[in-house]
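Hi,

Here is the structure I promised to pass on. Please open it and keep it beside this email while you read.

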Amino acid sequence: MSTRRCECGYAASDALDLQDHLQESFTPLDGTAPDGSVHDEGTEPGRCLCGFGGSSADALDQHFRTVFTPRNHIGLDGRRHAASPARPA
Ligand SMILES: [Zn+2]
Ligand SMILES: [Zn+2]
């Protein structure tokens, strides 16, 4: 198994860790997506403010990754974050 890496250089311990890293890199504090819509966990557990109702926490996380990941994959820190295919060192 090869280490999963982000293009920013972040080395994740596993796929889930990498997904968490990507989500953190793209999710703005105010929950505003690139298209201007707002997504955050609402008062109802497992449901996004936009009305998306995840059947599980994973589904909601997947939703956040989908709406917050910009087309150019440039994160809040100005760096590009994307799962990098394993490359020979
Ligand atoms: Zn949403
Ligand atoms: Zn990264």
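Start with the helix pair: α1 crosses α2 in a left-handed way. Left-handed means that the near helix is turned anticlockwise from the far one by less than a right angle; clockwise would be right-handed. Helices here are DSSP runs (H or I, at least four residues), strands are runs of E (at least two), and both are numbered from the N terminus.

This is a predicted model: local features need pLDDT of at least 70, side-chain atom pairs count only at pLDDT 80 or more, and totals for chains, interfaces and linings use all residues. Residues are numbered from 1 along each chain as its sequence is written, while chains are lettered from A and ligands numbered from 1 in the order in which they are written.

The axes of α1 and α2 come within 9 Å and cross at roughly 50 degrees. Axes are lines fitted to C-alpha atoms, for helices over the stretch in contact, and angles run from 0 to 180 degrees between N-to-C directions.

Which residues meet? Gln19, Leu22, Gln23 and Phe26 in α1 meet Asp61, Phe64, Arg65 and Phe68 in α2. Contact means C-beta atoms, placed from the backbone, within 7 Å.

Leu18 touches Arg4, Cys6, Ala12 and Ala83, leaving out residues up to four places away in sequence.

The chain has two helices and three strands. Their order along the sequence is β-β-α-α-β. The C-alpha trace spans about 45 × 25 × 15 Å along its principal axes.

Best wishes

Conventions: Contact = placed C-beta atoms within 7 Å.
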